[in-house]
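Have a look at the structure first, then read on.

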Amino acid sequence: MTFVEGGGIVVLAGGLGGSRCVHSLALAAGAEQVTAIGNVGDDLELWDLHISPDLDTILYTLAGLLDEERGWGVKGDTYAALEAADQNGRETWFTLGDQDLGFHTLRTRMLQGGEPLSEVTRRLAEGLGVGVQLLPATDDRLRTKIKTPDGELDFQEWFVKRRHADRVEGVRFEGAEDAQPAPGVIEAIAGAEIVVIAPSNPFVSIQPILAVPGIVAALREKPVAAISPLVGGKALRGPLAEMMASLGHDPSAAGVRAHYGDLVSTFVLDTADEADVARIPGARVCDTVMVAPERRADVGRGLLEALS
């Protein structure tokens with residue numbers, strides 16, 4: 001696949017799967033050809049800091065800073081601040097490394113100075129030498145809420161603090177109805193040759209992006225491809241299969257395809273699920289496992305070929 005000047009790929013991305021997908025496509029097509037629209041439903045405030053885990057994971061991955069073994073945080077980070085916080089009785093269930101903490105502090109200062117999240121993110125990406133354009137889905141406050149048998153929980157409380165052990169009975173996006181797409185989001189979609197939905201959790205990583213008014217309408221004007229986040233019926237990371245089952249969906253690649261419906265025209269399966277091609281509309285097959293950084297360029301090239 002080749003791209004005209006000003007076109008390229010827009011990736012809807014959240015979580016580790018999203019960051020790996022953005023990285024793979026940037027390596028294969030060139031960073032200047034890729035724009036990532038990131039999930040902000042996972043954002044939280046802790047220690048008086050604004051933390052954007054999904055945006056940070058994308059930035060850290062592209063800058064070569066991510067702790068790839070853990071899938072979050074900065075590799076080789078230290079935890080002196082976390083230890084001091086624990087000794088002083090502050091909440092420490094959300095792990096913050098010292099380098100990571102500096103990043104959050106810088107973001108918070110810029111936000112408090114009146115800059116919107118999109119501009120703050122642009123400046124942070126520029127400082128890290130990241131060539132991909134990264135846009136938050138919205139500059140407005142949007143938070144993912146998880147309905148469980150014990151009541152509604154903030155996403156990070158459910159996912160990190162309670163280790164996503166609670167059964168998911170529903171998901172909603174607080175603030176979405178009043179949110180506006182961040183500057184550049186609709187323009188990026190309109191100018192793209194193709195939009196790719198990363199192999200992220202559809203309910204808590206992609207749906208918060210789609211919940212922002214105006215984004216789905218823009219997507220319906222473009223060819224949209226989705227990459228299955230399930231390989232052989234299992235997520236490479238996280239509780240997606242269990243979540244799909246508890247929400248009444250078939251926990252399979254076919255179930256993910258059905259969830260996206262007519263929003264997508266192409267659905268990319270991993271080679272492990274090749275037997276399902278006949279029953280999935282718009283299915284194409286290639287290697288989609290992007291866990292190892294050294295394989296991402298090859299996987300990205302395979303994805304581009306499957307999408308062409």
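Is Glu152 buried, partly exposed or exposed? With a relative accessible area of 43%, Glu152 is partly exposed. Keep in mind that this is a predicted model.

**Salt bridges around Glu152 and Arg172**
- The count of salt bridges comes to 19.
- Glu152 pairs up with Arg172 in one of them, and their closest N and O atoms are 2.6 Å apart.
- Glu152 sits in strand β7 (residues 151-154) and Arg172 in strand β8 (residues 170-174), so this pair ties together parts that are 20 residues apart in sequence.
- Arg172 counts as partly exposed, at 37% relative accessibility.
- Arg172 also meets Glu174 in a salt bridge, at 3.5 Å from N to O.
- Glu174 is partly exposed too, its relative accessible area being 30%.
- Step back and you get a network of salt bridges that links Lys145, Glu152, Asp154, Arg172 and Glu174.

- Side chains of opposite charge can pair when their charged atoms come close.
- Arg107 and Asp56 form a salt bridge, with 2.3 Å from N to O.
- Arg107 lies in helix α4 and Asp56 in helix α2 (residues 53-62), so the bridge ties together parts that are 51 residues apart in sequence.
- Leaving aside neighbours within four places in sequence, Arg107 touches His50, Ile51, Ser52, Asp56, Leu117, Val120 and Leu124.

**A charge over a ring**
- Arg70 lies over the face of Trp72, at 3.9 Å from the ring centre.

**Aromatic pairs**
- There are five aromatic pairs in the structure.
- In one of them, the rings of Trp93 and Phe94 have centres 5.9 Å apart and planes at 90°, so the pair is edge-to-face.
- Trp93 is partly exposed at 24% relative accessible area, whereas Phe94 is buried at 10%.
- Trp158 and Phe159 make a tilted pair, 6.0 Å centre to centre with 45° between the planes.
- Here Trp158 is buried, with a relative accessible area of 2%, while Phe159 is partly exposed at 31% relative accessibility.
- Ring pairs also bring in Phe155, linking it with Trp158 and Phe159 into a cluster.

How values were computed. Residues are numbered from 1 along each chain as its sequence is written. This is a predicted model: local features need pLDDT of at least 70, side-chain atom pairs count only at pLDDT 80 or more; totals for chains, interfaces and linings use all residues. Side-chain values use heavy atoms; hydrogens and water are left out. Contact means heavy atoms within 4.5 Å. Rings of Phe, Tyr and Trp (its six-membered ring) pair if their centres lie within 6.5 Å; planes under 30 degrees apart count as stacked, over 60 as edge-to-face and the rest as tilted. Buried means under 20% relative accessible area, exposed over 50%, partly exposed in between (1.4 Å probe, protein chains only). A charge sits over a ring if NZ of Lys or CZ of Arg is within 6 Å of the ring centre and within 35 degrees of the ring normal. A salt bridge is a side-chain nitrogen of Lys or Arg within 4 Å of a carboxyl oxygen of Asp or Glu. Helices (H or I, at least four residues) and strands (E, at least two) are DSSP runs, numbered from the N terminus.
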